[in-house]
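Dear colleague,

Please find the structure below, handed over for your use.

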2 protein chains.
Amino acid sequence: MSDLSALSRPSRVADPGEGISLDELRLAARNHAMPAEALRYDVTPPGLHYVLTHYDIPDADPAAWTLSVGGLVDHPLTLSLADLDAMTRHTVRVTLECAGNGRAADEPRPVSQPWLDGAVGTADWTGVRLTDLLDDAGLQDGAVSVVCAGADHGVERGVEQDYERGLTVAEATTGDVLVATSMNGDPLPPQHGFPVRLVVPGWYGMASVKWLREIRVVDHEFAGFQHQAYRVRQTPEDPGVPVTRIEPRALLEPPGFPDFMSRGRVVDAGPVELRGRAWSGWAPVERVEVSADDGATWLEATLDGDRGPYAWRGFSASWDATPGSASLRARATDASGRVQPIEPVWNRGGFTNNASQPIPVLVR
Amino acid sequence: MSDLSALSRPSRVADPGEGISLDELRLAARNHAMPAEALRYDVTPPGLHYVLTHYDIPDADPAAWTLSVGGLVDHPLTLSLADLDAMTRHTVRVTLECAGNGRAADEPRPVSQPWLDGAVGTADWTGVRLTDLLDDAGLQDGAVSVVCAGADHGVERGVEQDYERGLTVAEATTGDVLVATSMNGDPLPPQHGFPVRLVVPGWYGMASVKWLREIRVVDHEFAGFQHQAYRVRQTPEDPGVPVTRIEPRALLEPPGFPDFMSRGRVVDAGPVELRGRAWSGWAPVERVEVSADDGATWLEATLDGDRGPYAWRGFSASWDATPGSASLRARATDASGRVQPIEPVWNRGGFTNNASQPIPVLVR
């Protein structure tokens with residue numbers, strides 16, 4: 001009856017030299033990045049944490065909101081916010097990053113939300129452990145996936161859907177996954193999932209379903225639209241591999257002051273303390289290096305204290321700035337041996353591009 | 001010694017057919033718009049109100065922060081935050097909009113922050129009246145402009161500067177202008193000017209200097225960089241006219257649900273209540289009309305109650321949606337007789353483009 005394809009097109013890759021389109025700009029205006037100077041904050045203040053909303057921010061009535069837990073469970077649950085608040089609560093500091101962070105630097109550019117490098121933020125999330133909820137409900141034999149459904153509804157690449165992602169039972173019951181109702185000690189802001197969301201530490205943001213209204217335990221590995229969409233593939237036909245944990249990345253607080261339009265930096269000659277933050281969803285960050293010559297040579301950075309297994313870690317390095325042009329970079333290495341590349345590693349969806357970002361600087 | 005022009009270029013207009021550049025995208029990622037569905041809120045929740053930062057968000061230490069009032073005054077003041085908190089405080093609900101809202105729809109496109117139509121938001125601002133501060137300081141004879149300087153420092157079109165704007169003494173002493181320390185009952189978020197900012201109700205956002213650290217009374221009409229930049233002109237040589245008050249605009253909450261990429265909407269056939277908000281800095285909004293056929297015919301909308309002289313006003317209209325394609329628009333008329341145009345009125349800076357925005361809808 002309706003032809004959704006008229007307004008919902010297949011994914012595509014930009015033509016060579018094609019500028020950012022109005023469609024991409026519309027997404028960039030809605031889905032905001034963390035400005036780089038906000039790397040100064042260990043916990044990102046409200047409104048500076050990155051936001052990605054696939055469809056619309058739902059208009060949630062907290063008094064009427066329920067979260068259901070059903071499917072292959074002994075005791076299906078229907079929980080109000082008061083029920084969730086009455087359960088044992090935990091707080092975890094988590095760095096979340098969008099899987100598409102870095103996409104706009106890919107060549108050719110996958111046409112989607114055109115993130116540069118700011119799709120990141122760190123918050124203290126408070127809520128109930130997903131594994132505790134599943135214990136209360138009682139997982140039945142044969143349970144394979146825990147499907148989490150949000151209230152956000154839309155159409156994407158021609159497919160009408162609620163936003164849904166699944167976790168395997170093993171992933172869902174690690175004890176780390178939270179059903180959160182609070183961000184930095186306050187109720188969730190609307191754009192971060194008010195009143196209830198999932199937080200899957202260590203994973204790219206697509207796993208942390210916002211506006212969570214249903215948890216459904218099923219007997220098969222869930223492979224819904226968002227599992228097909230978030231795959232690293234080279235061609236549309238390539239089955240690819242799923243996007244899961246966050247690849248290591250280090251970002252620098254840009255030193256000096258910026259030009260309004262180019263965001264290039266001006267720094268006075270002399271010693272400059274470079275600071276930044278680094279994270280990985282695979283293993284603790286073990287090493288950060290900083291370069292002032294676009295990666296030709298590297299300085300070892302000093303790591304700040306650890307802020308927990310899922311939070312970014314500060315670092316600093318001293319740079320003796322001499323007059324002229326410089327290109328600053330940082331790169332992180334984690335305990336699993338993953339090292340940030342200098343050049344993007346291309347894939348059709350523009351996912352997991354953790355290439356080191358250059359910051360152009362004029363030293364005067 | 002340093003050549004700022006290497007990283008800070010003159011303003012320019014995009015070539016015909018030129019896509020959004022990486023420079024513009026970088027600004028769009030930092031400076032976020034209000035997502036259209038947030039029009040449902042009378043007061044915009046934190047993190048959804050639009051943000052424009054010319055340079056970096058300063059790293060403010062509230063304990064050390066002072067606001068000085070000097071120049072042509074009898075009693076120069078140096079005020080701490082505690083001093084400001086001890087003065088008589090007022091709260092005003094204000095709709096702020098960026099002067100460049102709508103710029104990205106201009107043809108040819110002025111290359112700057114590429115706003116579509118979301119550079120707006122409404123907040124309850126609380127603080128001290130600027131006129132009370134100036135009374136305490138005692139304006140001297142010969143005072144002409146009140147220059148307000150922020151702590152944000154950068155380079156723009158080749159000119160290094162702190163962000164500064166002036167108000168004439170008449171504008172500064174109306175009683176409406178606030179030196180605000182609170183937004184929606186909380187301390188200002190960093191990106192909205194923490195710890196102190198100016199709020200100039202009815203004016204485009206460039207007048208509402210953030211991170212306010214100095215008020216300087218001078219004997220001439222202040223004509224600093226940001227007064228030269230924010231002018232409506234047709235050519236670089238055109239002296240132009242200053243950008244001041246907000247032109248009328250009505251925006252619709254997009255009905256139905258969106259496509260992820262195109263943001264086109266899907267709506268079920270039948271009666272649809274269209275809602276939105278309208279505002280003007282010149283005079284109260286008197287009339288809002290809504291069109292479902294891209295402006296060929298218009299429906300009269302019903303206005304909600306007034307929320308004060310500087311806040312947007314809700315409106316609603318009933319639309320009988322029939323299957324097929326539709327293009328929704330709204331347009332506002334204020335009591336000064338200003339009517340929103342359908343087509344953009346071009347100027348070289350892309351300012352005050354309040355043309356009615358079309359929303360493509362598929363009715364099924």
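In chain A, strand β13 and strand β16 (residues 270–279) pair in the antiparallel sense over four bridges. Please bear in mind throughout that this is a predicted model. Within this pairing, A:R249 stands opposite A:W279 in β16(A). Both strands belong to an open sheet of four strands in chain A, whose order is β13-β16-β20-β19, with antiparallel pairing. At the edges of the sheet stand β13 and β19 (302–303) of chain A; each has a single partner strand, so one side of each is left without a neighbour in the sheet.

Strand pairing was also examined in chain B. There, β1 (residues 67–71) and β2 (residues 77–79) pair in the antiparallel sense over three bridges, and B:L67 stands opposite B:L79 in β2(B). These two strands form a hairpin, with five residues between them. β1(B) has a further partner in strand β10 (residues 212–218) of chain B: the two run parallel and are joined by four bridges. In that pairing B:G71 stands opposite B:V217.

The helices α1 of the two chains deserve attention next. In α1 (residues 22–30) of chain A, the buried residues are A:E24, A:L25, A:L27, A:A28, A:A29 and A:R30. They pack against α1 (22–30) of chain B. In α1(B), the buried residues are B:E24, B:L25, B:L27, B:A28, B:A29 and B:R30, and what covers them includes α1 of chain A.

Why does A:Q113 count as buried? Its relative accessibility is 2%, and the cut-off for buried is under 20%. The C-alpha atoms of A:Q113 and A:A28 are separated by 6.2 Å, although the two residues are 85 residues apart along the chain.

The largest nonpolar core has 146 residues. Those that touch the most other members are A:W125, A:L198, A:I215, B:W125, B:L198 and B:I215. Not counting residues up to four places away in sequence, A:L198 touches several residues, among them A:L130, A:C148, A:L167, A:V177 and A:L212.

The largest pocket holds about 990 Å³ of space. Of the 50 residues that line this pocket, the closest to its centre are A:L116, A:D117, A:Q357, A:P358 and B:R26. β13 (249–252), β21 (324–334) and β22 (359–363) of chain A, together with α1 of chain B, each supply at least two residues of the lining. α1(B) gives the most, with four residues.

UniProt places the feature "domain: Oxidoreductase molybdopterin-binding" at residues 54–225 of chain A. That span is 10% helix and 38% strand, and its end C-alpha atoms lie 12 Å apart. The feature "domain: Moybdenum cofactor oxidoreductase dimerisation", spelled as in the record, is placed by UniProt at residues 269–355 of chain A. This second span is 0% helix and 47% strand, with its end C-alpha atoms 28 Å apart.

With kind regards

How values were computed: Residues are numbered from 1 along each chain as its sequence is written. Chains are lettered from A and ligands numbered from 1 in the order in which they are written. This is a predicted model: local features need pLDDT of at least 70, side-chain atom pairs count only at pLDDT 80 or more; totals for chains, interfaces and linings use all residues. Side-chain values use heavy atoms; hydrogens and water are left out. A nonpolar core is a set of buried Ala, Val, Leu, Ile, Met, Phe, Trp, Tyr and Cys residues joined through side-chain atoms within 4.5 Å. Buried means under 20% relative accessible area, exposed over 50%, partly exposed in between (1.4 Å probe, protein chains only). Contact means heavy atoms within 4.5 Å. Two strands pair if DSSP finds at least two bridges between them. UniProt positions are given in the numbering used here, feature names are shortened, and annotations may be inferred rather than shown by experiment. On a 1 Å grid over the protein atoms alone, a cavity is a set of points where a 1.4 Å probe fits but cannot get out, and a pocket is an open set with protein on both sides within 12 Å along at least five of seven lines; lining residues have an atom within 4 Å of a point. Grid points are joined across faces, edges and corners, and a volume is the space filled by probe spheres set on the points.
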